[in-house]
Amino acid sequence: MTTRTLPRPITAPERSAADALVVAPGGTTRGRARGYPLRREGPAKLTGAAKYADDLVFPGAWYGATIRSTQARAKLVAIELDPDLDWSKVVVVTAADIPGENLVAAIKEDQPVLVPVGGEIRHHAEPVALIAAPDRETIRRLRAGIRLVTEALPPVFDPERSDHVFAEYEVQNGDLEVGFGAAAHVVEGEYRVGHQEQLYIENNAMIAVPGEDGGMAVHGSLQCPYYVHRALRKTLGLTAGQARVVQAETGGGFGGKEEYPSIIALHAALLARKAGRPVRMIYDRHEDIAATTKRHPAIIRHRTAVAADGTLLAQDIEIVMDGGAYCTLTPVVLSRGALHSGGPYRCPNVRIRARATRTNTPPNGAFRGFGAPQVEFAVETHLNRIAERLGLSPAELRRRNAYELGDTTPTGQVLRESVAAQEVLRLAVEAGDFELLRSATARAAAERLGSGEVPGGPFRSGGARTAPGIGLAMGWHGAGFTGSGEVHIGSVASVELTADGRVRVLIASTEMGQGTTTIFPLMVSGELGLPAQAVEMAPVDTAIVPDSGPTVASRTAMVVGGLCIEAARRLRAEVEARNDGRPFAEVYLADAAAHGPTRIDQRFEPYPDIDFDDTTYQGDAYPAFGWAACVATVDVDLDTGEVAVRDVVAVDDVGRVIHPILCEGQVEGGTLQAVGYATIEEIKLQDGRYLNDRLATYLIPTALDAPRLRTILVEAPFSGAPHGAKGVGELPMDVGAPAVVAAIHDAVGVWITELPATPERILAALEGPRGTQEPAA
Amino acid sequence: MTAIRFLVNGSPVEVDVPGMRRLLDVLREDLGLTGTKEGCGEGECGACSVLLDGQVVDSCLVPMSQVDGRIVRTVEGLALAARERGTLDTLQEAFLELGAAQCGICTPGMLMAARAYLDAGGGPDHDAIREGIAGNLCRCTGYQKIVEAIAAVAAGDVA
């Protein structure tokens with residue numbers, strides 16, 4: 001394994017054309033980002049010139065709105081329009097207006113575009129009818145005149161009591177009885193996590209524009225143009241050529257604009273079709289939180305056999321995820337959850353049982369991490385409790401169990417390369433001063449306990465109002481799609497030398513802030529011996545770019561980047577071959593003039609020696625894994641139970657760093673989302689309705705809530721990708737929450753086993769039985 | 001309808017709108033200044049931040065009746081002088097070079113809050129900067145690089 005660590009600050013050179021992917025020390029120049037190209041669409045974003053969906057102007061466009069259920073479960077008996085109102089100036093769409101299938105294209109296709117009369121409403125805020133009008137005031141006035149006649153049905157809210165199973169998996173390796181038979185300790189624990197809202201700052205937005213040929217173009221905020229394209233074809237009965245999807249500048253996605261934009265696009269398109277004019281379907285924040293997908297809540301139970309020296313002997317893990325009312329991507333989220341639930345640790349005897357069920361709550365879907373943050377919070381907190389039980393440092397327990405080269409995962413996957421678990425652990429412990437600070441917080445805790453009297457507050461003693469704590473967690477994240485997902489999709493990415501001598505990258509992979517439009521020119525130009533600015537990105541428009549797959553699963557840099565590098569290599573070889581072997585950079589302009597355009601379409605080929613059996617859940621679940629470790633320090637307010645997260649050191653192995661500033665940006669942003677998940681982000685439900693469905697009540701961290709973030713990037717390249725990249729988007733989301741919860745325990749001596757660790761939960765835990773909750777030694 | 005006169009980015013403007021129409025809507029829909037964004041419509045996210053007589057305000061909470069005779073500055077006016085030279089101003093340059101903008105939707109509001117902080121004499125102290133931008137939510141960056149960019153400008157590291 002070649003692991004190289006890149007401590008901050010990195011100074012990088014101008015990339016040499018011959019070896020574009022080597023990061024080496026060098027100077028920084030103005031007009032560059034630490035020696036690397038500036039974010040390509042940055043100037044447009046910084047001057048306000050960038051056009052997001054709601055900034056686009058379509059003359060004559062009407063405004064659209066969605067009429068939603070106000071019950072969690074009911075039979076839809078009728079939709080009535082108030083006869084005293086004038087409906088002639090608006091259009092109203094119901095399920096009866098759908099020309100194709102009344103189903104949103106997805107895995108199981110159980111979700112209607114609109115609930116039909118006679119059909120079943122399955123969740124609060126479910127779309128039932130649509131209205132469009134020339135102005136918002138008319139919509140406001142008339143929407144109240146659309147009445148839903150329903151008969152209530154008994155709802156199900158507890159995922160463990162639901163009898164409708166969306167997906168179920170069992171992973172087995174070794175023999176649990178052998179493991180538990182040899183145990184010196186058996187540790188059990190139950191962990192719970194709630195919903196989390198993606199909370200991109202740009203709400204969902206789609207504008208549908210009907211074409212003269214009966215086709216439909218949709219412009220919008222989205223991650224996956226071809227998902228929306230497929231949905232339009234299916235529900236509107238369009239041909240591939242009649243459906244067109246164009247991505248507008250997109251103000252964040254985080255998974256929240258993976259599958260849900262399909263239904264919004266369909267709603268806009270149905271209205272546009274009936275109105276015969278463009279229709280703008282722009283969600284406000286309240287609607288976006290109330291109706292769109294969240295991270296899956298989960299209940300995770302661990303029973304673990306441990307030897308006296310801390311060696312893991314057996315893990316018995318049960319996962320129940322709440323899918324919400326429709327299947328969406330739940331089977332794939334659950335699958336990733338199951339496969340990550342043991343954590344990055346060697347264990348000879350493992351059983352993982354996972355199931356996801358249906359409840360009468362709005363459907364849950366994709367969110368950065370995709371099932372892994374839930375289970376990794378559980379296993380990391382469980383491991384920290386095992387360390388406490390054994391009187392071992394959490395770092396030492398991990399050193400004894402973390403995967404090394406040659407180890408085997410629960411699916412029987414032998415880790416043959418690119419294993420940096422020990423490396424990220426070592427770096428995080430060192431950079432975070434973990435052991436030193438841990439002994440300091442232990443001394444502080446001992447002094448508080450020793451002082452006896454507790455003036456000023458029930459848990460306070462001495463003069464200190466806050467208690468400091470430090471916590472450690474580590475994690476892993478399977479790179480790219482699970483199992484044979486990539487083989488099934490068969491993505492295509494293209495690099496083209498145009499007739500007028502421009503080099504263009506054609507991909508459907510979207511820019512939503514993570515840096516797609518900056519890193520692709522960098523990767524491709526390096527292969528061609530050109531400066532990055534000589535490579536253009538084609539607009540993300542299904543009429544122009546091939547289907548390079550969805551922008552999800554941290555697969556863009558790794559998989560699509562790999563395809564573009566291969567395409568660029570073929571383009572270079574082809575052009576150089578017909579020009580006497582002279583370098584591409586010297587001859588491409590003349591070559592284009594002489595030979596016209598040359599386009600290379602690169603289709604995904606399975607990674608060599610990677611094989612997974614989707615039916616038995618045995619084999620190589622992922623082509624490679626990214627590895628991460630995180631040290632967090634907190635202050636817990638002893639009067640209020642509030643947690644201030646002070647510093648986080650995040651160490652992430654991403655295979656290969658393509659652009660250090662953008663890469664760090666992914667780690668920093670993902671880490672803060674994990675801190676929010678750990679501390680303040682919570683959805684409260686009543687009768688299946690989200691109670692805090694506004695930004696005033698669903699809180700995310702502000703700059704004052706955010707810790708100082710320090711990032712260390714590690715490179716353990718994956719040989720299956722030409723550049724070695726393993727992706728970075730999701731990995732940091734997996735480790736932050738358990739590190740914060742461990743730090744809270746270190747500060748005040750209680751384990752918070754249900755996220756988020758709100759002041760209420762912390763105070764309740766402090767008031768509870770203290771028997772097993774002495775402060776960490 | 002009321003005739004309301006004010007200055008936007010140095011240019012005089014007169015609009016004839018209901019007094020309760022939001023400044024945000026006048027900027028975006030009547031004047032075509034779509035650089036100012038709407039994130040929540042209730043003053044929580046700061047994406048619609050503009051400067052009103054030099055003070056940072058959420059333009060979704062400002063009725064036009066309060067704007068008569070006043071000076072409004074938006075992201076489009078941040079680099080008026082610099083834009084004539086075809087460049088960004090120092091603050092925008094720092095955001096670009098240090099990686100402080102990702103998806104970009106909070107960026108216009110964040111820049112206006114940062115501008116107000118710097119114009120008020122704010123220095124490079126990170127805690128003070130965090131206080132200055134606490135009304136502006138960002139979901140992409142973790143704020144680290146935003147704070148560093150503003151600190152670099154305050155310290156004169158970006159000329």
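Trainee: Anything to know before we start?

Mentor: This is a predicted model, where local features need pLDDT of at least 70, side-chain atom pairs count only at pLDDT 80 or more, and totals for chains, interfaces and linings use all residues. Residues are numbered from 1 along each chain as its sequence is written, while chains are lettered from A and ligands numbered from 1 in the order in which they are written.

Trainee: OK, which domains does chain A have?

Mentor: Domain 1 covers 61-155 + 204-292, domain 2 covers 298-481 + 617-767, and domain 3 covers 491-603. Those bounds come from an automatic or database domain assignment.

Trainee: How many residues of domain 1 of chain A are in contact with domain 3 of chain A?

Mentor: 16 residues of domain 1 of chain A are in contact with 13 residues of domain 3 of chain A. Contact here means that the C-beta atoms, placed from the backbone, lie within 7 Å.

Trainee: And which elements give two or more residues to the domain 1 side?

Mentor: α4 (225-236) and β12 (243-247) of chain A. Helices (H or I, at least four residues) and strands (E, at least two) are DSSP runs, numbered from the N terminus.

Trainee: Switching to chain B, what order do the strands take in the open sheet?

Mentor: Five strands run β2-β1-β5-β3-β4 in chain B, with mixed pairing. Strands pair if DSSP finds at least two bridges between them.

Trainee: Which strands stand at the edges?

Mentor: β2 (11-17) and β4 (55-58) of chain B; each has a single partner strand, so one side of each is left without a neighbour in the sheet.

Trainee: How do β1 and β5 of chain B run?

Mentor: Parallel: two bridges join β1 (residues 2-8) of chain B to β5 (residues 71-73) of chain B. Leu7(B) has Ile71(B) as its bridge partner.

Trainee: Which helix packs on that sheet?

Mentor: Helix α4 (residues 107-119) of chain B, which touches β3 (49-52) and β4 of chain B.

Trainee: Back to chain A, what does β3 pair with?

Mentor: Two bridges join β3 (residues 74-81) of chain A to β5 (residues 120-121) of chain A, antiparallel, and Ala74(A) stands opposite Ile121(A). Seven bridges join β3(A) to β7 (residues 146-152) of chain A, also antiparallel, with Glu80(A) opposite Arg147(A).

Definitions and conventions:
Contact = placed C-beta atoms within 7 Å. Axes fitted to C-alpha atoms, helices over the stretch in contact; angles between N-to-C directions.
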